Amino acid sequence: MIPSILSYLKRFENFSRMLDILYKMTKTYRQRIGALGEDVALNWLNGKGYELVQRNFRFKNDEIDLIMLKDDVLFFVEVKTRRNDNYGLAEYAMTPKKLNALFRCIDHYLYTQDKLDVEWQLDLIVVEKFQKDKAPKIFHFENLGLYDD
């Protein structure tokens with residue numbers, strides 16, 4: 001009985017190691033796709049007259065993909081990239097939890113950069129149908145988190 005337990009544990013250890021490797025590969029892939037989407041969004045925004053202030057601003061576990069400036073307004077831009085819609089629409093990834101994380105990060109940025117009196121807004125850029133030889137679709141959602149009564 002002991003040999004079968006040992007062989008089971010060995011298989012489990014190998015399986016666990018394989019899952020760990022697959023996770024790391026997937027994470028790297030997601031990061032590459034995300035960075036490419038940010039490049040597309042940055043170029044698109046530059047073409048619309050926005051100027052890059054900072055990219056990938058981090059505060060604790062939170063991150064703002066792009067901080068842009070246009071007409072003396074700071075734009076905090078979250079970029080979501082999807083090669084296809086197999087996992088749902090990218091804009092649905094903007095959950096209340098994600099919005100709260102972004103607002104925490106924005107608050108920290110404004111405080112540390114002494115820009116508490118600056119006009120700003122939070123936008124979402126969705127880069128979809130991201131393929132090698134085709135132009136992606138870009139959707140711009142403005143003023144996230146603002147609700148009219």
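This is a predicted model: local features need pLDDT of at least 70, side-chain atom pairs count only at pLDDT 80 or more; totals for chains, interfaces and linings use all residues.

1. In one of them, the ring centres of Y50 and F75 lie 5.0 Å apart with the planes at 75°, and since planes over 60 degrees apart count as edge-to-face, the pair is edge-to-face. This pair links distant parts of the chain, with Y50 in the loop between helix 1 and strand 1 and F75 in strand 3, 25 residues apart.

2. Are the two partners buried or exposed? Y50 has a relative accessible area of 10%, so it falls under the 20% limit and is buried. F75 is likewise buried, with a relative accessible area of 7%.

3. Please look next at F76 and W120, another aromatic pair, again edge-to-face, at 5.8 Å centre to centre and 80° between the planes. Here too distant parts of the chain are linked: F76 sits in strand 3 and W120 in strand 4, 44 residues apart. F76 counts as buried because its relative accessibility is 0%, whereas W120, at 31%, counts as partly exposed. Both residues belong to one aromatic cluster, together with F57, F103 and Y109.

4. In soluble globular proteins, nonpolar side chains tend to be buried together. The largest nonpolar core here has 18 residues, and F57, I64, I67, F76, Y109 and L122 are those with the most contacts inside it. Strands 1, 2, 3 and 4 and helix 2 each supply at least two residues of this core, and helix 2 gives the most, with six.

5. Leaving aside neighbours within four places in sequence, I67 is in contact with E51, L52, V53, Q54, F57, L74, F75, F76 and Y109. Apart from the core discussed above lies another one, of twelve residues, among them L45, L66, V73 and V127.

6. Finally, the largest pocket holds about 1,000 Å³ of space. Of its 27 lining residues, R30, Q31, G34, K80 and R82 lie nearest the centre. Which element gives the most to this lining? Helix 1 does, with nine residues; helix 1, strands 1, 2 and 3 and helix 2 each supply at least two. By residue type, the lining divides into twelve charged, eight polar and seven nonpolar residues.

Note on methods. Residues are numbered from 1 along each chain as its sequence is written. Side-chain values use heavy atoms; hydrogens and water are left out. On a 1 Å grid over the protein atoms alone, a cavity is a set of points where a 1.4 Å probe fits but cannot get out, and a pocket is an open set with protein on both sides within 12 Å along at least five of seven lines; lining residues have an atom within 4 Å of a point. Grid points are joined across faces, edges and corners, and a volume is the space filled by probe spheres set on the points. Helices (H or I, at least four residues) and strands (E, at least two) are DSSP runs, numbered from the N terminus. Ala, Val, Leu, Ile, Met, Phe, Trp, Tyr, Cys and Pro count as nonpolar, Asp, Glu, Lys and Arg as charged, and the others, Gly among them, as polar. A nonpolar core is a set of buried Ala, Val, Leu, Ile, Met, Phe, Trp, Tyr and Cys residues joined through side-chain atoms within 4.5 Å. Buried means under 20% relative accessible area, exposed over 50%, partly exposed in between (1.4 Å probe, protein chains only). Contact means heavy atoms within 4.5 Å. Rings of Phe, Tyr and Trp (its six-membered ring) pair if their centres lie within 6.5 Å; planes under 30 degrees apart count as stacked, over 60 as edge-to-face and the rest as tilted.
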